[in-house]
Amino acid sequence: MTLSFKYKFKPRFSDIDRYGIAHHSKYFCWFEEARYYFLESILKIPQEELVQLYAPITSLKADYKKSIIFENSYVIVVSLSIDEFKSFVQFQYEIMDCNEETIYAKGLTEHVFTKSNGELLFEIPDFLYEKIKLIRK
Amino acid sequence: MEDLKREVCEMILERLGFDDLTVNDVDFQAPLFAAQDKEGIGLGLDSVDTLEIVAGIRQNYSIRITENDMHIFKNIDTIVDFVDQKLSSNAS
């Protein structure tokens, strides 16, 4: 089951390195912003529930295709993949120009779920499934 | 039971990407989480790997493993015993 959405952003002055392009570490911050936007605005998980959702990253990756510059705005196309026979979820990210013609970077993060004490959950929380199913209808 | 043992072991090797190993290479009583040392005693798995095993068992045998069943992750034999018991109790 896959769910896609878009998140727009504009680099800040502080995102740019001395080469005049976005520093490679910033891409992961934008991925995170997009992910939280998805959880809050698309899945409509309230803040009080969100802080109790422990979904640490177990894998992350970025492929840099084209440099991001300060002057432009960009869109991140995010796809959430959720599989009943997996115990983790995967977000895939594509950073594109606002016309979605050029890919600037591709990335992914994988997340497991834990209790607040760090104990691993063996299954993806039911409420997450339900929220996603609801949106897909 | 031997068939089940091989089947579970194959599933584990496949899901964890041990492409260079076959069932015949695996010691079913080797501790799952001990590091793979020079003598090759442990399988060197980590807690995230257990999630793959849990998901594989759910998919192949429709058996749900909960956090309370963590004790089954000692070695492959203990996992197979658990699957065997669940399959038997589901059948009866």
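In which crossing, left-handed or right-handed, does α1(B) pass α2(B)? The crossing is right-handed, and the legends below begin with that pair of helices. The model is a predicted one, in which local features need pLDDT of at least 70, side-chain atom pairs count only at pLDDT 80 or more, and totals for chains, interfaces and linings use all residues. Residues are numbered from 1 along each chain as its sequence is written, while chains are lettered from A and ligands numbered from 1 in the order in which they are written.

**View 1. Helices α1 and α2 of chain B pack against each other.** Helix α1 (residues 2-15) of chain B and helix α2 (residues 47-61) of chain B lie with their axes 10 Å apart, at an angle of about 130°; helices (H or I, at least four residues) and strands (E, at least two) are DSSP runs numbered from the N terminus, and axes are lines fitted to C-alpha atoms, for helices over the stretch in contact, with angles running from 0 to 180 degrees between N-to-C directions. That angle makes α1(B) oblique to α2(B), given that angles under 35 degrees count as roughly parallel, over 145 as roughly antiparallel, 65 to 115 as roughly perpendicular and the rest as oblique. A crossing is right-handed if the near helix is turned clockwise from the far one by less than a right angle, and left-handed if anticlockwise. From α1(B), Met11(B), Ile12(B) and Arg15(B) meet Glu52(B), Ile53(B), Gly56(B) and Asn60(B) of α2(B), where contact requires C-beta atoms, placed from the backbone, within 7 Å. The residues of this contact divide into three nonpolar, two polar and two charged, with Ala, Val, Leu, Ile, Met, Phe, Trp, Tyr, Cys and Pro counted as nonpolar, Asp, Glu, Lys and Arg as charged, and the others, Gly among them, as polar.

**View 2. Helix α1(B) also crosses α3(B).** The axes of these two helices come within 10 Å and cross at roughly 115°, and the crossing is right-handed. On the α1(B) side the contact is made by Leu4(B), Lys5(B), Val8(B), Cys9(B) and Ile12(B), and on the α3(B) side by Ile76(B), Ile79(B), Val80(B), Val83(B) and Asp84(B). Sorted by class, the contact of α1(B) with α3(B) has eight nonpolar, no polar and two charged residues.

**View 3. The largest nonpolar core has 20 residues.** Such a core is a set of buried Ala, Val, Leu, Ile, Met, Phe, Trp, Tyr and Cys residues joined through C-beta atoms within 7 Å; a residue is buried if 20 or more other C-beta atoms lie within 10 Å of its own, exposed if 12 or fewer, and partly exposed in between. The residues with the most contacts inside this core are Val8(B), Leu51(B), Val54(B), Ile76(B) and Ile79(B). Two or more residues are given to this core by each of α1, α2 and α3 (76-91) of chain B, and the largest share, five residues, comes from α2(B). A second, separate core of 17 residues includes Ala22(A), Ala34(A), Ile68(A) and Ile95(A).

**View 4. Tyr93(A) lies in strand β4 (residues 89-97) of chain A.** Tyr93(A) counts as buried because 24 C-beta neighbours lie inside 10 Å. Not counting residues up to four places away in sequence, Tyr93(A) touches Phe31(A), Ala34(A), Ile76(A), Val78(A), Lys106(A), Gly107(A) and Leu108(A).

**View 5. His111(A), in strand β5 (residues 103-111) of chain A, is shown with Ile57(A), in strand β2 (residues 57-64) of chain A.** The two residues are 54 residues apart in sequence, yet 4.5 Å apart in space, C-alpha to C-alpha. His111(A) counts as buried, with 20 C-beta neighbours inside 10 Å, whereas Ile57(A) is partly exposed, with 15 other C-beta atoms within 10 Å. Leaving aside neighbours within four places in sequence, Ile57(A) is in contact with Thr109(A), Glu110(A) and His111(A).

**View 6. Lys44(A) has a positive phi of about 55° although it is not a glycine.** Lys44(A) is placed in the loop between α1 (26-42) and α2 (47-50) of chain A, and is exposed, with 11 other C-beta atoms within 10 Å. In chain B, Ser62(B) in the loop between α2 and α3 has a positive phi near 55° and is exposed, with 10 other C-beta atoms within 10 Å.

Notes. Contact = placed C-beta atoms within 7 Å.
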